[in-house]
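Trainee: Could we go through this model together, one feature at a time, with the general idea before each case?

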Amino acid sequence: MPRIRLQNITKQFAKGSRAVDRLNLVIEDSDFVSLLGPSGCGKTTTLRMIAGLETPTEGEIFFDDKCVFSAEKGINISPDKRNVGFLFQNYALWPHMTVRRNIAFGLENMKWEKGKIESRVQEICETMRIAEYIDRYPAELSGGQQQRVAIARTLAPNPRVLLMDEPLSNLDAKLRNDMRAELKRLHLTTGATFIYVTHDQSEAMTLSSKICLMKQGVLQQYCPPLTLYGSPRNLFCADFMGNPTMNFLPCEAQEGKDGITLTTGVFRLRFNPNTPLRLEGKKQLVLGIRPEFVKIVEEEGIESRVVSSLPTGMDTVLALEAGGITLSAVAFGSVDYAMDSAVRFGFEGDRYLLFDAETTEQLAMGSLAIE
Amino acid sequence: MNKKWNRVKTFLSKPYNILLILLLVTLTYLVVLPLFSIIRDTFIVHASEKSRIKQAVGSFTLYHWIRAFNSSFSKILIWEPLWHSVYTSVLACVVAILIGGGFAWLVTRTDLLWKNGLTKLFIFPYIMPSWTLALAWRNFFKNAVVGGAPGIFTALTGITIPNWFAYGPFPIIITTGLHYAPFAYILIGGVLRNMDANLEEAAIILQTTKARMFTRITIPMVMPAVMSTIILVFSSAMSSFAVPQFLGLPVRYYVLTTEMYSTIQGTNPGVGYIIAILMIVISVGIMMVNQHMIGTRKSYATVTGKSANISLFHLKGARLPVSTIICALVLCMSLIPMISFVLQSLILTDGNYSLSNMTLDFWIGLSKGGNDYQDKAGILRNADVWKTLFNSLRLSVTCALGAGTLGFLAGYAIVRRRGSLISRTVENLTFIPYLIPSMAFSAIYLSMFSQQRAFIPSLYGTFAILALIGTIKYLPMASRSGVNSMLQLSPEIEEAGVIMGVPWIRRMTQIIIPIEKSTIVSGYLLPFVSCMRELSLFVILVTANNRVLTTLLFFYDEKGWAQYGNAINLLIIFIVLLVNFVVEKLTGASIEKGVGGK
């Protein structure tokens, strides 16, 4: 299984907009990498450039040490020679062929023996649990079944790399959950490198071994999902990951002897960075607090009013208002709070984040206390 | 009793119910009854047949059927024309699909040069009257063998054109095929353009070769479009009259329509009516085949993908040569015929294309008193021509108003009562004229209205019969678009008015009509343009009194007055193009977009 390396990949469309801007990315063998970002961030274009369906304007792409694309050297190996599998968002099943013909078509192209094709089609259909539909036309299948056929067709030739373009976005919520589990299992059994495009942060979180978060063609952060969640590099990453989203409090900073004093609205908070931090005169900062780190406490803490309470049974998402600031918080367990009732909250642990308001970069992670 | 009466009252209190009943009665009289009338006509003696059958006019006879199917004449009356019709129509389909489909592929999938201009010109023949290319062909390639002067080609090169090239099946196939090639291009090109690029990309990833991709993915995907092109071209070619008349007659090559024309105009109308019935049966058969094919297991509904930018096939070294050849072909289909009409309308003596032989006499010359072609007034100064032009315009406006209004009201009433028996019946009735080939339809009307019927006097030779047949023949066009647009308009919009007590007339004029404005306009325009260039529907119904431009062209052509014929033809083309241009500017809808809608 190969290691895929993108070097300075840029894609400029005719109208002058840059879909992808100087992207550097190394995808290790057998990784499950998600390309994540809002629509129009260049993730699909990146995937299509790896497949060879789209031609980059600049840069180089390597599969292991073999160069498959280089704008400089004029190398561009066609998609059919890259040995990749591609799963399309709309499945792209050929409507005039039965399931069997759809799956066998690629194998015939690769000059497999007849018997081998037959047994492979049978085998993959059983794996994907579509054996009973093998002689149907795509139009006679449900969305979920079409999806399985598309996966079967893509996997049949045993591609070294599997590229997927939002494959679950056309399925309903329950099926999507089932398919997620199935994809993760497939990744394990095939051992192939998976590259997966999605705009759904929870899908990326749950599936991938690494997430590549993009915005307007520029790579924002490339790391394992939990790192991205816990220590986002900038405000965009912090905001994009997590649901409910992180609380952002603009504040003014003052460096003191024991930590930094932050003033936001009527509150004064003390921030203790986990690693030494020099503010070097920066005053305008943004404090980032994940909802689960707004702890409901019995006494002490800040008194607040419950603006909304949305229990799911497993946890309850709260909106709390105190001193003109609204924070979202998560209380775990089956609890509910009356609207407009008073609760107290405090801070605990050292996962609070400080961002530079101007550059939006993350400055430090640390603990927080009420002053 | 009271209950029943209340029911009737409730039923009639709904305006759309009244509309449906009126339509049912009218259409039964104008569409269904004539079908019986024409069947009856195949069993009776007509005035012109008195001497050969030796029976009283109007008495029962089996003569026509026997003569048509069981006599030594059946071969030349029925079987030969039938075979000629089928043969030329099938091959015209092949030509249309190869040229139109090939052009569609070149435009959508390759880096052909000058795409924009070429596609505009390629559509051109379809806007023009169907005989345009046939007339141009004759202008270019006519030979002296069957009489008359040789055409432009011989004049330029000195090469004599053999008969098989100048007349008969070969030019009929080519000109009909080329005339309908734009249709193939519109349908097939539409599929190629909208086809999900992912379907082909998926094949590329799975290492499909170019040839296999073309035969196994692309061709099957466009098959439905090809099939509908075949159905349309075949039935249009079968019912085409002008082309085989202009190109087949000189060598006595008859097809069903021309045979029908000559029998109805000649001494045996009964056989003509049998041919009309035969054509209706064939046309209905084709429709049934079409219906049958639609209901297959494979659904070709295109799920739109997100990437439309499929890479174009590079013609490389062949790019310029291929583009040039295509360009030449397109010019032959569009501009060069026009040039031939201009030339032909200017020359004094046939076959001599030198400048000294040219004159504007046929356009603006003054009459020298006589009525032969050398001393007739030029068409722009000829009172007869102006009268005919005025008649044409009056007829087109009448038919457009009639078909458009009737179609819109029918659409409204059909949709409001959708699912009921009466609604379905009326919907089917409005569609029947579409199934009947133009000439067969006019044969029906000839048989129906050439004598007094109850309170309706004989309409033969009147403006009314032309207006009537035009309105009914173009009704399917208008009612289809009426039904489609009413389906998209939710009934709540009208119901909001009902709740507030707005009367029906006001609901129509203040709510429905303003919303449906653009559809109504196109419902009027399509019949107008079709009527302007219609020949086969009117040709057996006109006399000197109710002549229209197209039949005047036909009349001049029969007389051999080529200059006047060509000039009139240019006049018709000019009007059609002008209307088309105005329509496009006013509504943004174009004829070529409209032709796809059934």
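Trainee: What radius of gyration would a compact globule of 598 residues have, and what does chain B have?

Mentor: The radius of gyration is taken over C-alpha atoms, and the globule rule is 2.2 Å times the number of residues to the power 0.38. For the 598 residues of chain B the rule gives a value near 25 Å, and chain B has 26 Å, which agrees with a compact globule. The C-alpha trace of chain B spans about 85 × 80 × 50 Å along its principal axes. This is a predicted model, in which local features need pLDDT of at least 70 and side-chain atom pairs count only at pLDDT 80 or more, while totals for chains, interfaces and linings use all residues. Residues are numbered from 1 along each chain as its sequence is written, and chains are lettered from A and ligands numbered from 1 in the order in which they are written.

Trainee: How many helices and strands does chain B have?

Mentor: Helices (H or I, at least four residues) and strands (E, at least two) are DSSP runs, numbered from the N terminus; chain B has 27 helices and zero strands.

Trainee: Why does helix 22 of chain B lie largely in the open?

Mentor: A residue is buried if 20 or more other C-beta atoms, placed from the backbone, lie within 10 Å of its own, exposed if 12 or fewer, and partly exposed in between. Helix 22 of chain B (residues 492-499) lies largely in the open because the number buried among its eight residues is zero, whereas 44% of the 598 residues of chain B count as buried. Just after this helix, B:G501 takes a positive phi of about 80 degrees.
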